[in-house]
Amino acid sequence: MIGDVTPAEWSSETDPVTGRTIRRLTDGKSNSYPLYYFTTSITPDNRYLVFHSERSGEVQLYRLDLVTGKIGQLSAGHTIDAGWAVWCEWHLNGIYNHLAAIHPATGEVYYFEDDAILSTHVPTFANRLVARLPKGHMPIGQASFSPEGRWFAYIHADEAKVRALLKQREIDTKAGRFHWTPDHHFVFRNALGATLAVIDTATGAERTVIETDYHFHHVLFVDNTTLLLNHPKECAGMWVVDLDGTNVRHLRPADAPGAHNAMINHQVITERGIAYESVGYDAADNRETWLGMYDVKHDTFTEGLVPIDGYAHVGFDPAGNFDFIENAGARHEILTVHPAATPDGPLTTRLLRTLSSPFHDDQRYHAHPFLSPDRKRLYFTDWSAQGFSQVCMMDVGDLVAEADAAKRRL
């Protein structure tokens, strides 16, 4: 039930390669993982970490007291097949996972259950109904708040159509007719329209920003009036739209200078701009990954080639100074990224953490590394010895200080 509190589960270990102390904040025979890492999982007072857990047999939100380690339940939803099915396990009951967001001022976490947008005040457990989704619709993308907290943005689509498409995709996958290739996935995306909506958190008034004839997911605020979304039609990348639905533009198109045919997969909003990783291919059609920063004010970007061999997630530093990346290749690992050793060479990397979880399409098994708001601790997801995802933390204050000093010297 909402408000139930259980003892701390955390334990510490030493990384055998780097010698750094790792604190596992959750434990047990069930998956636990933070909010989707594009948005913060830490409350404004820095007291609680909000995370998903399947410990009850359903996906619920919990808070972890960063002082005592005690865990408190924040939601009690029972939606059937509420998993984020486009990129994760579909047949999970509870609340819709990977879609919640924390209000930057009030400390409320907004989340979805059935056709409702609900809120739990993390410090007090006070729970309320925020709004209802349009009739017959369901949430399909990770949501977010504007920086000052006035607007809550989310993505929704026709529920019957979503579930019919997912059911058919499940059948086709088992029959070997659906594969995770761009052609197959774009057919799926193009069969499903999506709507971006915002709610005024002060008045409760809701309005549509934009509607499309294809599926998109993840909405972030570049500033209080500009929203950023994944992905443009029939490609990986990012696009922005103003709060009034105007000024739609695709950032970093595939034919931009730099990486050949590069497509942005993930991005985070920082004080320096939009940090991202982009996958492209060289003249011999070999896969390459680039780490970049998009300067919103000047509409320019800089990129550097990262010598990694796997699926990647750019790390989230709120300031944008500390460069790190998740690499799910021959090894699953978190790497820090540093300037090139030679003027024309690739960026260099150093191992920060070797991960136990395998590379997997399931979002619950991705590390999704991010810094705390005070930038002293790195949070990430990794498997325990029992084979379940758990929330982990590492002190990286010294590395962040080095990165800040290096940026000041530029």
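**Cavities, pockets and ring pairs in a predicted model**

By class, the lining of the second largest cavity comes out at seven nonpolar, five polar and one charged residues. Here Ala, Val, Leu, Ile, Met, Phe, Trp, Tyr, Cys and Pro count as nonpolar, Asp, Glu, Lys and Arg as charged, and the others, Gly among them, as polar. The model is a predicted one, where local features need pLDDT of at least 70 and side-chain atom pairs count only at pLDDT 80 or more, while totals for chains, interfaces and linings use all residues. Residues are numbered from 1 along each chain as its sequence is written, and side-chain values use heavy atoms, with hydrogens and water left out.

That second largest cavity has a volume of about 70 Å³. A cavity, on a 1 Å grid over the protein atoms alone, is a set of points where a 1.4 Å probe fits but cannot get out, and lining residues have an atom within 4 Å of a point. Grid points are joined across faces, edges and corners, and a volume is the space filled by probe spheres set on the points. Of the 13 residues lining the second largest cavity, Tyr33, Pro34, Leu35, His368 and Thr381 lie nearest its centre.

His368 deserves a look of its own. It is found in the loop between strand 28 and strand 29 (370-371); strands (E, at least two residues) and helices (H or I, at least four) are DSSP runs, numbered from the N terminus. With a relative accessible area of 8%, His368 is buried, given that buried means under 20% relative accessible area, exposed over 50% and partly exposed in between (1.4 Å probe, protein chains only). The side chains of His368 and His313 are joined by a polar contact of 3.4 Å. A polar contact is a pair of N or O atoms within 3.5 Å; within protein, one must be able to donate a hydrogen and the other to accept it, and residues adjacent in sequence count only if both atoms are side-chain atoms. Leaving out residues up to four places away in sequence, His368 touches Tyr36, Tyr37, His313, Glu326, Gln363 and Tyr379, where contact means heavy atoms within 4.5 Å.

Tyr36, one of those neighbours, also turns up among the aromatic pairs. A search of the whole structure finds 16 of these pairs. Rings of Phe, Tyr and Trp (its six-membered ring) pair if their centres lie within 6.5 Å; planes under 30 degrees apart count as stacked, over 60 as edge-to-face and the rest as tilted. The rings of Tyr36 and Phe38 sit with centres 4.9 Å apart and planes at 85 degrees, so this pair is edge-to-face.

In total, the structure holds three cavities of 30 Å³ or more. The largest has about 120 Å³ of space, and of its 15 lining residues, Trp84, Ala85, Met138, Pro139 and Ile140 are the closest to its centre. Strand 12 (137-139) and helix 1 each supply at least two residues of this lining, which by class has 14 nonpolar, one polar and no charged residues.

On to the pockets, a pocket being an open set of points with protein on both sides within 12 Å along at least five of seven lines. About 1,100 Å³ of space lies in the largest pocket. Its lining runs to 39 residues, with Trp87, Trp180, His185, Tyr311 and Asp361 nearest the centre. Among the elements giving two or more residues to this lining are helix 1 (159-174), helix 2 (182-190) and strand 17 (217-221), and helix 1 provides the largest share, five residues. By class, the lining of the largest pocket has 19 nonpolar, 12 polar and eight charged residues.

The second largest pocket holds about 820 Å³. It is lined by 34 residues, of which Asp323, Val337, His338, Pro339 and Lys407 lie nearest its centre. Helix 3 gives the largest share of this lining, six residues, and the class count is 15 nonpolar, 10 polar and nine charged.
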